[in-house]
Amino acid sequence: MNKILIANRGEIALRVIRACRELGIKTVAVYSQADEQSLHVQLADEAVCIGPGPSKDSYLREDRIISAAEITNVDAIHPGYGFLSERAGFAEKCAAANIKFIGPSPEVIRKMGDKAVARQTAAAAKVPCVPGTDGPVDNQREAIKEAQRIGFPVIVKAVAGGGGKGMRIVHNAAAFAKEFESARAEADKAFGDARVYIEKYIEQPRHIEFQLLGDEHGKVIHLGERDCSVQRRHQKLIEESPSPFLTPKLREEMGKVSVKLAETIGYQNAGTIEFLVDKNGKYYFMEMNTRIQVEHGVTEEVTDIDLVRRQILIACGEKLELSQKDIKMTGHAIECRINAEDPARNFAPSPGTIGLYYTPGGHGIRVDSHCYSGYVIPPLYDSMVAKLISVGATRQKALDRMHRALGEYIIRGIHTTIPVCRAIMKDPAFRQGGATTKYLEDFFERTPKELWSAAPLT
Amino acid sequence: MDLIKIKQVVDLMKKSDLSEFEIQDQDFKLRIKRDVPGRAPVAAQAAPLAAAPAPVAPAAPAALAPAAPAAADPSIKVVTSPMVGTYYCTPSPENPPFVTVGSPIKADSVVCIIEAMKVMNEIQSEISGTVVECLVANGTSVEFGQPLFRVKVS
């Protein structure tokens with residue numbers, strides 16, 4: 001491969017450019033008019049403007065991106081994460097234009113992108129799924145039978161749902177009728193569709209995901225897990241590897257199950273399978289992400305494997321020379337997402353001009369960021385400023401190192417999530433490794449606001 | 001350096017046709033750039049600390065034509081590319097160009113073809129007037145927003 005076009009922006013575009021540089025592959029950046037001053041545009045060998053600011057007019061314009069790929073004569077397109085990375089149609093367009101899409105096949109993207117089909121596929125591969133009804137249930141009699149079959153507590157969820165609306169947790173049969181009707185009414189009001197389905201309610205689950213790599217010759221391996229339980233409104237804030245909760249036995253079992261599912265569907269390139277794990281260690285398939293993820297760096301730091309480089313080599317047709325026993329997880333890595341958000345004002349977005357920008361450093365610190373002093377964060381895209389990763393021989397060392405690094409990090413001119421992450425690094429509940437997906441909500445309730453919304457003292 | 005001195009420097013610049021001015025003192029560095037007809041405008045900046053790297057103009061890619069300078073004459077408007085692709089000034093190799101310098105055009109006149117993904121797209125001018133300059137060579141690649149023609153509006 002001589003040249004790759006990166007169909008993305010921000011820090012992931014930079015990440016892909018770095019991997020290409022190391023492989024001696026030329027790079028083409030595409031950018032919107034709002035991203036002219038962006039670092040990925042400056043560092044790529046070539047750059048093509050593909051539209052005005054808004055994503056729908058630029059980064060989501062499949063036609064313009066393919067056109068840009070054609071006029072710059074690239075061999076492949078790396079889609080990054082978000083944007084077009086999980087659009088089967090785009091992968092098909094690339095194939096039709098004779099451009100290699102760095103990722104799995106369009107059929108696999110399509111299959112795993114449909115949540116219902118993904119569940120069925122996982123179930124067929126004997127991967128435990130969250131027990132639930134196959135489809136919507138509209139009469140109460142049938143519903144309560146299903147709920148009893150599934151086992152309380154259950155959650156009644158709107159089929160057309162989102163944003164936590166049209167959901168009711170039911171703890172026992174006595175409360176069921178009332179909650180069922182209540183959920184339907186709310187769903188009808190919020191989405192104009194009263195249809196609901198029922199799932200087992202996993203109490204205080206951990207979100208644990210397994211990283212996979214599959215080559216184009218049928219080999220699939222896993223690179224261990226990441227624990228991403230610290231989330232705010234279903235958005236990940238802190239990720240770590242290994243998970244403080246998994247035992248070696250559970251890790252081996254979940255790893256095997258992940259690989260088996262990937263093999264069943266003929267998965268190629270990088271991907272991640274997400275599980276919910278309850279307090280007893282029972283795990284359930286949640287979904288599969290058929291792309292590289294934001295938090296991939298955490299796995300890179302504990303396995304010493306460059307995932308983006310591997311993606312490119314796999315797309316070149318190279319065989320994966322690693323086997324499962326070659327994958328070793330050493331030490332502990334933690335990532336904090338630094339977003340341009342104001343914790344004091346309910347995490348309202350804080351775009352604008354960055355004044356002084358100084359990144360932390362030293363042994364065991366990695367910063368993946370496209371920002372610099374004077375950079376103007378546009379209001380049009382996501383709020384990510386940087387990913388800060390700390391690595392240590394033990395979890396405690398990684399935690400303390402992260403705390404130290406967050407204290408050094410200077411980003412003037414905008415508000416960021418630095419103080420929240422820093423406070424969490426010292427929080428006993430987090431330090432003990434007990435975080436579930438409820439953790440952050442609890443943390444905000446019991447921790448005085450001054451401790452997580454003030455600028456860090458340096 | 002105090003505000004009064006900065007204002008004096010700015011006034012001096014306005015009176016002349018200087019577009020860029022830089023001065024460094026012990027712990028103060030001031031750099032001012034201003035919009036001069038014919039040059040790309042850049043925001044003014046003052047840095048009391050060691051100067052942060054200034055935003056650089058986008059790298060002019062080798063394969064693509066560089067952006068034309070902003071027109072100073074208000075009666076001159078620029079037709080820009082609405083897509084990414086390859087620019088052709090003629091309907092086909094044997095035919096004469098759609099427009100040349102001096103051609104009168106209307107808003108719905110086809111001024112060129114941009115080929116994108118094997119489709120030949122006819123590009124309409126959207127400006128009425130007379131073609132003053134053709135900015136792109138036949139067969140070169142163009143990006144979104146790239147200036148194609150300068151047109152004197154009628």
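**Exercise 1. Which residues of helix 12 of chain A are buried, and against what do they pack?**

*Solution.* The model is a predicted one, in which local features need pLDDT of at least 70, side-chain atom pairs count only at pLDDT 80 or more, and totals for chains, interfaces and linings use all residues. Residues are numbered from 1 along each chain as its sequence is written, chains are lettered from A and ligands numbered from 1 in the order in which they are written, and side-chain values use heavy atoms, with hydrogens and water left out.

Step 1. Helices (H or I, at least four residues) and strands (E, at least two) are DSSP runs, numbered from the N terminus. Helix 12 of chain A covers residues 395-408.

Step 2. Buried means under 20% relative accessible area, exposed over 50%, and partly exposed in between (1.4 Å probe, protein chains only). The buried residues of helix 12 of chain A are Arg395(A), Ala398(A), Leu399(A), Met402(A), His403(A), Ala405(A), Leu406(A) and Gly407(A).

Step 3. With contact taken as heavy atoms within 4.5 Å, these buried residues pack against strand 11 (235-241), strand 14 (332-339), strand 19 (365-369), strand 21 (384-392), helix 13 (418-426) and helix 14 (428-431) of chain A.

**Exercise 2. Classify the ring pair Phe152(A) and Phe176(A), and place each residue.**

*Solution.* Step 1. Rings of Phe, Tyr and Trp (its six-membered ring) pair if their centres lie within 6.5 Å; planes under 30 degrees apart count as stacked, over 60 as edge-to-face and the rest as tilted. The whole structure holds 16 aromatic pairs over all chains.

Step 2. The centres of Phe152(A) and Phe176(A) are 6.4 Å apart and the planes stand at 70°, so this pair is edge-to-face.

Step 3. Phe152(A) belongs to the loop between helix 7 (140-150) and strand 6 (154-162) of chain A, and Phe176(A) to helix 8 (residues 173-191) of chain A; the pair therefore ties together parts that are 24 residues apart in sequence.

Step 4. Phe152(A) is partly exposed at a relative accessible area of 24%, whereas Phe176(A) is buried at 1%. A cis peptide bond, with omega about 0°, joins Phe152(A) to Pro153(A).

**Exercise 3. Describe the surroundings of Phe430(A).**

*Solution.* Step 1. Phe430(A) and Tyr439(A) form a tilted pair, 5.9 Å centre to centre with 45° between the planes, and both residues are buried.

Step 2. Ring pairs link Phe430(A) and Tyr439(A) with Phe347(A), Phe443(A), Phe444(A) and Trp452(A) into a cluster.

Step 3. A charge sits over a ring if NZ of Lys or CZ of Arg is within 6 Å of the ring centre and within 35 degrees of the ring normal. Arg395(A) lies over the face of Phe430(A), at 5.0 Å from the ring centre.

**Exercise 4. Which residues of helix 7 of chain A are buried, and what lies at its ends?**

*Solution.* Step 1. Ala143(A), Ala147(A) and Ile150(A) are buried in helix 7 of chain A. Seen down the axis, the buried residues fall within an arc of 65° (that of the directions from the helix axis to the C-beta atoms), so they line one face of the helix.

Step 2. On the other side, Arg141(A), Lys145(A) and Arg149(A) are exposed.

Step 3. Asn139(A) caps the N-terminal end, with a side-chain oxygen 3.1 Å from the backbone nitrogen of Arg141(A). After the helix comes Gly151(A), whose phi is positive, near 100°.

Terms used. Polar contact = N/O pair within 3.5 Å; in protein donor to acceptor, adjacent residues only side chain to side chain. Expected span 1.5 Å × (residues − 1).
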